[in-house]
Amino acid sequence: LAADWILDPNSKWNWKAWVHFLLVLTITLISWRAAEVQSEIVIQERLRMLGTFANGDIETRLNRHEGILRGESTLFSARANVSNPEWRNFIRAGDFWRRFSDMEGLGFIDARFRLRHYARRGKADYGRLANEALMRTLTQAPSAKSSQRTTVRLSREATLIYYPVFARVNAQKTSSRPKGWVFMVLNPARLVAEALAGSGYA
């Protein structure tokens, strides 16, 4: 065979052939590993950038949702009682279901933990679940009654965000104790999907 001289121990070219073979093999392995490492670095860098952009976009979207809750809070703060027609007009004017695919529901729970108003996107009714979670959170953790946005996980498919409503005493002053809480139910999977899409990685 043409390659017998490589395997023939009596051939004077045998050791040179093996050195050449091992050298080529070593260079090939080093090149392959270098390419693999470079590929891993590129992937890790893309994942890091993806995480940075996605986290920023998620926070931006949560702030946007908090703005909706603040608007809802203003509605209930300005009036002693909000009628069902007024509530339906608020939902219709906001066009929330079309504008925000991650939003599953909006509602208001009074200071006695009674669900007074609730609107939902589809068949899934998270109103009672949100009411129970809010009551449990506020009774177990008094600090949760702060004036900040608070998030509570309801299930794998739903996350609750709520915001307090303070009755307006006059044009400059509001009551010190909340008259209730406005809340929003979000689908976390859709929230992340929208964040990824907004970051250009969907």
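Predicted model: local features only at pLDDT ≥ 70, side-chain atom pairs only at ≥ 80, totals over all residues.
Reading from the N terminus, the elements of the protein chain follow the order α-α-α-α-β-β-α-β-β-β-α.

| Property of the protein chain | Value |
|---|---|
| Share of the 202 residues that count as buried | 35% |
| Accessible surface | about 12900 Å² |
| Share of that surface from carbon and sulfur atoms | 57% |
| Share of contacts with a separation of 6 or more that join residues 24 or more positions apart | 55% |

Now to the interior. In soluble globular proteins, nonpolar side chains tend to be buried together. In this chain, the largest nonpolar core has 24 residues, and Phe76, Trp87, Phe96, Met103 and Leu106 have the most contacts inside it. Two or more residues of this core come from each of α2 (14-78), α3 (84-94), β1 (103-110), β4 (159-168), β5 (174-186) and α6 (188-198). Helix α2 gives the largest share, six residues.

Which residues does Leu106 touch, once its neighbours within four places in sequence are left aside? Its contacts are Leu69, Glu72, Trp87, Ile91, Phe96, Trp97, His117, Tyr118, Ala119, Phe183 and Met184. Two of these partners, Trp87 and Phe96, are also named with Leu106 among the core residues with the most contacts.

Methods: Residues numbered from 1 in each chain as written. Heavy atoms only, no water. Core = buried A, V, L, I, M, F, W, Y, C linked by side-chain atoms within 4.5 Å. Buried < 20%, exposed > 50% of the residue type's maximum accessible area, 1.4 Å probe, protein only. Helix = DSSP H or I, 4+ residues; strand = E, 2+ residues; numbered from the N terminus. Contact = heavy atoms within 4.5 Å. Areas by Shrake-Rupley, 256 points an atom, 1.4 Å probe, with all protein chains shown as cover.
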